[in-house]
Each structure stands twice: as structure tokens, then as C-alpha cells.
Amino acid sequence: MADQEIRDDPTPAAPPAATPAATPAEPVTTPAAPPAAAAAPPASTRPKRVSYRGRTAGAKVSSNQKEGKVEEFEPFMLLPRGPPPLKEFLDIWDVDVLKQPQQINKQGHHTHLYSSDSLIVRRAQEFQIKITFDRPYKPAEDKFAVEFVIGPSPQYSKGTYIPVFPTEERQSVWRGRVVESSDNVVTMGITTSAECIVGKYMIYIGVVTPYGIRRTRRDPSTDVYILFNPWSPADPVFLDDEEEREECVMNELGIIYHGAYDDVSERAWNYGQFEFGVLDACLFIMDKADMPLSNRGDVVKVTRIASAMLNSRDDDGVLVGNWSGDYTYGVPPTSWTGSVEILLDYAGSRGTPVCYAQCWVFAAVFNTFLRCLGIPGRIVTNFFSAHDNDGNLKMDIILDENGKLDRNRTKDSIWNYHCWNECFMARSDLPPGFGGWQVVDATPQETSDGLFRCGPASVAAIKHGQICYPFDAPFVFAEVNSDVIFYRRQKDGTLEVAKVNPSHVGRMVLTKAVLHDGRRDITDQYKFPEGSPEERRVLEKAEEFGCQRERASVPQGDVEVEIPNLDVRVGDNFDVILKFKNQSDQRRTADVYVTGTVVYYTGVPSAEVVFKTPKVKLDPQQSKEEKVLVRGEDYMHKLVEQANIHIIATGKIKETGQIITAMKVILMHNPKLIVKVTGSPRVSEEMYVSVEFTNPFKFNLENVDLRMEGPGIMPFKRKQYSLIAPGTSITWTETFSPRRAGSTKLIASLDCAALRQVYGETELTVQQ
């Protein structure tokens, strides 16, 4: 880089055309993928990439992996006979970047858990390197700089070439200082800027001589990864809560909530953000997105690109979404136990999408991406999440004139639950008060600026109805604030509002509690209490920005019906109880239609298993129960993977014409895996883990897939059973040796076509 560059000239001398393949310090490796984990073929055959010639002066700089050539000796003048002997000038014997986990850099930067042989540090915080010269360093005579280079075409003005000087008199955008000088060894402290590019940098030491700059050779062992820094107040991702940082950046284990709001289920997930190869895989995702290096210091742009790249709908991203129930060419979404295998498969195949995912898998892998790069992230689950077809705040359910559900005309769907991510950041592009937690969602639902992505959208803006601010706030607002509108369809085809339920959608929003396995209800961060004056003002504000609501008011009826909670195991017979209450002083007769439908968790119906039409007679002020039997033999072989039955009771009061409605999602509870650990829980000591399961059903379970893993103690392992007969038990035993001390979990899953979402886990504390 010329002598002038070390004097802060922003024009590098390294020619951009020379781009030999990179030699990553932390190569992305992947375990042998089983046939079931086969990746999807490319979405389309892409046209050949056209040259940039004639359109731009150079190729787009969007690869962290490609390296530009940096000359070992860069002359200041024409030297026909080559450089003269430089023995009398300062020479570099060794560069030590202090990269061991127990050394000052990784400990001080909270990166000691990364399974990497390279130095990993965070922005806006000093780290140290030791440089050994051939003689003592003389500040008055010797001029040198530590040069950081990223990408194939380093330029000072683009932030891809940064010289760092040891003296106060000469500083660049990154600051340097001599921490200690002893004999031939200089310890230098380097503080990166709070806006610098996040990625992997090459390090060179350049010494100025009268003839040119002498540099160290390319040495992959000195490469440094620079990440976002939630510990630094200068970084936009700064999170001023140590416990939140421990949970949302450092915790490798998560809990994902699913099921129904009044029957919440949970499953553990291994984010594995510190596992070997995962950091390189996350950087590869940005390379695959063709994201300019100069944009990779902006957390808003990074998270927006990632929300598109975690799904494969339009850019060959990481995961293929599949809600069909047919997973022949990949892994069922319910089978995954962690993110590591997915990310390593994607990076190891150089960008072939991995099959398959549903919302919680998209959210879990996205969470790994966020935490791995240093962005505080968490998964939230919204119970009864609206996904309508026309972008308003209404979920339309159509009934016929007698109050019977019209499935053919009801097109809007309410997901039993939907998982997305929140990430923490300042939003300098928004007015004050709208920073903090932001919604990002990688599940492909709607396009945003032409791609399937969502966010970042300010949670504070959603709560206060300020949905005019970027990005995609109206969509998220509708997911938690839509009204359920029951329409009665007349014979002439017109629709009349029969009932409005304003509290069904967005019933509860959950995330994992900080540093323990409990739940945290964060519904109040998304919306004000139902019926409060603040909620009315928010909805009026949202209407000003184009969200349509149903304004019709329906008279309050005098007959109510509700369906209480049920605890049902898969395969059991059970009674659906309808509780009627006549609040009038007159007799009432209700003609009721009870429909029980097996549904996907997205609310989409699969098969009807119950249809009853009881007539209920109520005396004045009477409460009465009506039971509807649902038999296991009627639904067992029709269940889809999440084992949900959606009961809808609708009807008409004969005397008044009032429409009554009640809805309940009945979640079938699956059997559990039993996970047991034996042996001494110490680092590098061999231990045993066993997974036990008994088939409780009267039919065979075929082609059963078992998976198991644990962060820091056991890599992903898999076993298949061709058949588990009724009443038969299996025991799968594996050995493992913990790699590091601390509290962790072993997570296991069992999956087959007849039985999905069977999990087990056990906690383990490993001693040093």
C-alpha cells in the first residue's frame, strides 16, 4: 500500500485484479450428511453472470472470502534491479495476536467460547497484539503500521483497508497505542471504530524504509474476526443489561414455545453459535447474498439481508420452507434439534438450500446468525397470529344464514402460533424512542421490497401504531392486532357482520426468561390492554396510516357459549364440552353446529373428523353443558405433524336470530423421550448418554429417525430404526467427551411419518 498510504493516503496500491482464492483460518467443515438431510436443488437455473465491464470501473466488492494480493515489498520508486538489502532497517520476526481462549483478547471480548483457532474480537473495544522485531523499537526513528485488509479490493475510503499507527500524532479511523515495549517486543493496543465492517480481516505489519514498505507475508494464523459489540456504548447494538447480554448473546441453548396460548408446549434448541465453522457459515450467508462489504457494519442492513437469506424463496437462501407434510427429499422440520447441522450443510455445499423448515426453524437459525455475529437476539412466539389475504386488520370467517361455518369461502388463516425474532439495536434512521427491540422474520410470508423478508420493525412503533416507519411494521401490527369477524352470508350473496372478536388474535406473546428456563410474557411490549383508551388511540393511529378495520357494531347477545381447556394425549377418546349460559329471563333454543377439523399449525384445515348438530334448550338464567365425543379412531390416522384439532362451535338462537360462536385449538400431547447420562461429568472424560422410547400405540412406527446433540459436549448424532412395533421399547446409547466446562443440555428428538414432534432433554453440569 504505498508510503503515502501509511501516511493516510486512501488509495491502495494493491491491484484489484489479483484475487487468489482465500485460505480461511477457520475452514467451514460439515459432517457427512445423511441421505435424509439432502439439500434441495437450486430453485432455478440462473443465467450466466455477465461481466461488469463497460458499466462499472470494477467488480462489486461483496466477498469476505476472496483475498486481494498485498505486496511484500512496495517500492516508492522504480527499482530496476529490485529492492536493495534492507538489513539495517527494522524487520519483523513474529506477530502474536494473543488468540488463545485464556488470553486477554478473547476473555476481554467475551469470545472465549468460539471453537476457532483465529482471533475473534468485538468492535469499539481495544485488543492487543505482540510484535517481535529484530531489534528494539525506536519510536523517533522507526515507522510502522498494523494494516487490516478485508476483501479482494482493499480501499481506505471503503473501510476495507485500515492502517493503524502506534503513535498519537498519526491516527486513522482505528486508534493504536503502544501498551508495552520490552527489548524487541512491542505490545500494541488497537481499538476499532464502532461502525467498522463486521467480518474476517487479514493482518499485515508494514515497515517504512527509504526505498519502500516492507510487509510481513500473508499468514492465515493472524487473521482476525471482528464482530458487533453489545458491551460497548458506542456500538449501535449496545445492550445496557448484563443479564440480557448473557441470555441474548452468550446463551447457546434456547426454548421455543409452541402449541396453544392456553396449552403452551416448549422444546429446547441448540443455537450452537460458538461451534466450529458456524461463524464462517454466517459470513458466507452475507457473501451468498452478494452484500457489499461496505454495508456490513450497518446492523439494520445486515439483519434485513439476513431475513431474506434465511429462506430460499427468491435467493437460494439457507432453508426451504415446507408445510405440506411430505418431507421425502429432506429432514422434517420437527426433527431438527439445533442450527449447527443446517448452517454447516449450507456452507459446505456452497449455498445449496437445506430441506426443510417451518417458522420455528427459520427463527432458530436466524437467532444463531444474530448471536454469532454479536447482535442480541431472541425468539418470540405470537399465539393466534393473523395472516390474512388482503392486508387489513380483519380475519374473515364466513357462516351461512343458519350460522354454519362455510369452509369454502373462509380464506383467511389464523396461525395457532408463529415464531419470529427480535434483535436489539439503535435506530438512527427513526425518530428517538423507536430503537431497542426490533422484529425480524425470515419465514417467507409476504414480499418486502421485492424479496420474502420482514423487518427490522420497531416493537415500540408497533405498540404505538406508528406503522409508517420502516420496515414492514404494518404486517407485524396486523399479526398481533387483527379482529376476527364472523360474517353471515345471505342468500343473495351479501355479507352481514354477525360477531366481532377483537381479542382472539395476538392473545399472548412469549419469549424465554433471562438466564433460566421460565417464560416471559411480553405481550404488553406489543400492545396495550384490550379495550383500554390507549388501545383505541393506537388503532385509530394505525387507520390513519392505511390499516382498515371493521367499524360495524353488533348488539350484545344474551346467550354465550365457550369451550374449556382439555388435556388430551394422542390417540385418546375425549369429550368436547360446550358451556352455554342464558343471561335472559326467557327460554332460548340454540341450533348449534360443532365442527372438529385436523389443522396444520398455520390454521389451514386438513381433514374433518367431527361434525355434530345438537339442539340446546335453555331455561331463563340457565347454564348448561353439552358434550360432543371425539374418538381416537376417527382422528388418529388423519393427524398432521403438530397434532392439532380445531373445534369451532357456531349456531343461531331461534328466538332472537343471534349468532353464537366459540373456538378452541385442542393440542394432542405426544409421548416423551427419556434421556439419561452416566459417567463423570468432567472435561475430556468419556461419558454415556442413552435415549429411551416406548411405542404406546396400537400400530407400527416405521422409518423412525432419532437425533441428539449438546452444545459444548456432543456434536450432532443420528440413528434410524426401520420399525418400532406396538408396545416395544428402544434404547440408543452413545459415548461423548465434554469439550468445556459449564451447564448445558443434551437434546434429543424422534420423528417418523406417523408421529412427529417427540422430544426429550437432560441437563448436565460439566466440571473442569
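# Notebook: sheets, rings and charges

I started with an open sheet of three strands, ordered β36-β37-β40, with antiparallel pairing. Its edge strands are β36 (674-678) and β40 (729-736), and each of them pairs on one side only. From one strand to the next I get an average twist of 20°. A reminder to myself that this is a predicted model.

I then looked at the β36 side of the sheet. β36 is joined to β37 (residues 687-694) by five bridges, and the two run antiparallel.

β22 pairs with β19 (residues 436-441) in the antiparallel sense, over three bridges.

I searched the whole structure for aromatic pairs and got 24 of them. One is Phe133 with Phe144, which is edge-to-face, with 5.3 Å between the centres and 65° between the planes. That pair links distant parts of the chain: Phe133 is in β4 (residues 126-133) and Phe144 in β5 (residues 144-149), 11 residues apart. How accessible are these two? Phe133 has a relative accessible area of 0%, so I call it buried. Phe144 comes out at 2%, and because the cut-off for buried is under 20%, Phe144 counts as buried too.

For another geometry I picked Phe697 and Phe699, a stacked pair at 5.2 Å centre to centre with 10° between the planes. Phe697 and Phe699 are both buried.

Arg507 lies over the face of Tyr261, 4.5 Å from the ring centre. Arg707 lies over the face of Trp336, at 5.2 Å from the ring centre. I kept Arg707 on the list for the next entry.

I opened Arg520 with Glu244, where the closest N and O atoms are 3.2 Å apart. Which parts of the chain does this pair tie together? Arg520 lies in β26 (residues 519-521) and Glu244 in helix α3 (residues 242-250), so the bridge ties parts that are 276 residues apart in sequence. Arg520 is partly exposed, with a relative accessible area of 23%, whereas Glu244 at 11% counts as buried.

Back to Arg707. Its side chain meets that of Glu341 in a salt bridge, 2.8 Å from N to O. Here too the pair links distant parts of the chain: Glu341 is in helix α6 (residues 340-348) and Arg707 in β38 (residues 701-710), 366 residues apart. Both Glu341 and Arg707 are buried.

Arg707 also forms a salt bridge with Asp705, at 2.9 Å from N to O. I looked up the accessibilities: Asp705 is buried at 7%, and Arg707 is buried at 0%. Which residues belong to the network around Arg707? Glu341, Asp705, Arg707 and Arg718 are linked by salt bridges into a network.

Methods: Residues numbered from 1 in each chain as written. Predicted model: local features only at pLDDT ≥ 70, side-chain atom pairs only at ≥ 80, totals over all residues. Heavy atoms only, no water. Phe/Tyr/Trp six-rings, centres within 6.5 Å; stacked < 30°, edge-to-face > 60°. Helix = DSSP H or I, 4+ residues; strand = E, 2+ residues; numbered from the N terminus. Buried < 20%, exposed > 50% of the residue type's maximum accessible area, 1.4 Å probe, protein only. Lys NZ or Arg CZ within 6 Å of the ring centre and 35° of its normal. Pairing = 2+ DSSP bridges. Axes fitted to C-alpha atoms, helices over the stretch in contact; angles between N-to-C directions. Salt bridge = Lys/Arg side-chain N within 4 Å of Asp/Glu carboxyl O.
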